[in-house]
Amino acid sequence: MFVGLGTLINISTIIGGAAIGVLVGTRMLARTRILITEVLGLVTILGAVSALAPMWSDRYINSIPKGWTLLAILGSLLIGGAIGSALSLESRLEGLGETLRVKFGAHKESTFIEGFVSAALLFAIGPLAILGSISDGMSTGIDQLLLKSSLDFFAAMAFAASLGWGVAAAAIPVAIYQGIWTVIGLGLGSILEGYQVDAMTITGGVMLVCIGLRLLKIKDIAVGNLLPALFIAPIFVLVLNNFL
């Protein structure tokens with residue numbers, strides 16, 4: 001077994017699931033594809049509920065000063081959002097989606113970019129992408145990425161059935177993102193305490209809610225600009241744990 005195998009398997013399952021979804025989706029009525037997208041939005045929000053659960057865990061509450069459990073997440077999102085907005089991450093992600101749409105030959109009116117952006121954020125957000133990649137880099141196992149691969153396979157299949165090949169293209173930024181964390185794991189080893197993982201999970205849960213709202217056409221939130229918050233959250237709570 002070699003370093004990076006977990007991410008390679010993960011990318012393969014995303015592309016494979018998307019391919020099956022596209023083949024099935026072409027045989028669906030438009031109203032059925034819309035319904036599937038709405039169901040995905042609801043399920044994404046349901047997944048967010050699970051991700052938000054550590055907010056009330058003893059490990060998280062006892063690791064930071066009283067009254068800061070929610071403020072830590074708010075601060076992480078605000079700082080991360082400011083950084084993401086300054087870097088125009090959402091626009092860059094959509095621009096990458098447009099470039100890939102042209103290369104894939106998808107129509108401009110198609111759901112390619114929506115599928116690419118939504119899937120890329122969904123597959124990248126969450127502790128499994130980071131912790132699994134770090135574990136892979138440390139050569140301590142790929143169990144977490146195998147679990148993530150299973151989840152991503154079915155999510156890619158469902159997304160691609162209504163949103164098309166853009167979901168498969170999302171494998172590209174996911175490969176880069178997880179590859180970076182694999183390299184970090186290779187060089188630095190385990191770098192996160194349990195409460196830091198909780199903070200990152202909760203922050204990711206808020207972003208999943210945003211993705212769900214986007215899929216349900218309720219509110220189009222620039223989730224891409226919030227991505228730096230995933231890196232800010234564990235640092236923010238580390239400072240609170242050590243200095244307050």
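Is Arg59 buried, partly exposed or exposed, and what is its relative accessibility? Arg59 counts as partly exposed, at 46% relative accessibility. Buried means under 20% relative accessible area, exposed over 50%, and partly exposed in between (1.4 Å probe, protein chains only).

This is a predicted model, in which local features need pLDDT of at least 70, side-chain atom pairs count only at pLDDT 80 or more, and totals for chains, interfaces and linings use all residues. Residues are numbered from 1 along each chain as its sequence is written, and side-chain values use heavy atoms, with hydrogens and water left out.

**View 1. Arg59 and Asp198 form a salt bridge.** Their closest N and O atoms are 2.7 Å apart. A salt bridge is a side-chain nitrogen of Lys or Arg within 4 Å of a carboxyl oxygen of Asp or Glu. Arg59 lies in helix H3 (residues 58–61) and Asp198 in helix H11 (residues 194–215), so the pair ties together parts 139 residues apart in sequence. Helices (H or I, at least four residues) are DSSP runs, numbered from the N terminus. Asp198 is buried, with a relative accessible area of 5%. The whole structure holds 4 salt bridges.

**View 2. Lys148 and Asp152 pair within helix H8 (residues 143–163).** Their side chains meet in a salt bridge, 2.6 Å from N to O. The two are 4 residues apart, which means a separation of about one helical turn. Both Asp152 and Lys148 are buried.

**View 3. Glu90, Arg214 and Asp220 are linked in a network of salt bridges.** The side chains of Arg214 and Asp220 meet at 3.0 Å, N to O. Arg214 is buried, at 11% relative accessibility. Asp220 is exposed, at 61%.

**View 4. Helix H1 (residues 5–25) packs with H8.** The angle is about 20°, and the axes are 7 Å apart. Axes are lines fitted to C-alpha atoms, for helices over the stretch in contact, and angles run from 0 to 180 degrees between N-to-C directions. H1 is therefore roughly parallel to H8, a term for angles under 35 degrees. Residues of this contact divide into 12 nonpolar, 9 polar and 2 charged. Ala, Val, Leu, Ile, Met, Phe, Trp, Tyr, Cys and Pro count as nonpolar, Asp, Glu, Lys and Arg as charged, and the others, Gly among them, as polar.

**View 5. Helix H4 covers residues 69–87.** Its end C-alpha atoms are 28 Å apart, which agrees with the 27 Å that 19 residues should span at 1.5 Å a residue. The expected span is 1.5 Å times one less than the number of residues. Buried residues of H4 include Ala72, Ile73 and Leu77. Just after H4, Ser88 takes a positive phi of about 55°.

Terms used:
Parallel < 35°, antiparallel > 145°, perpendicular 65-115°, else oblique.
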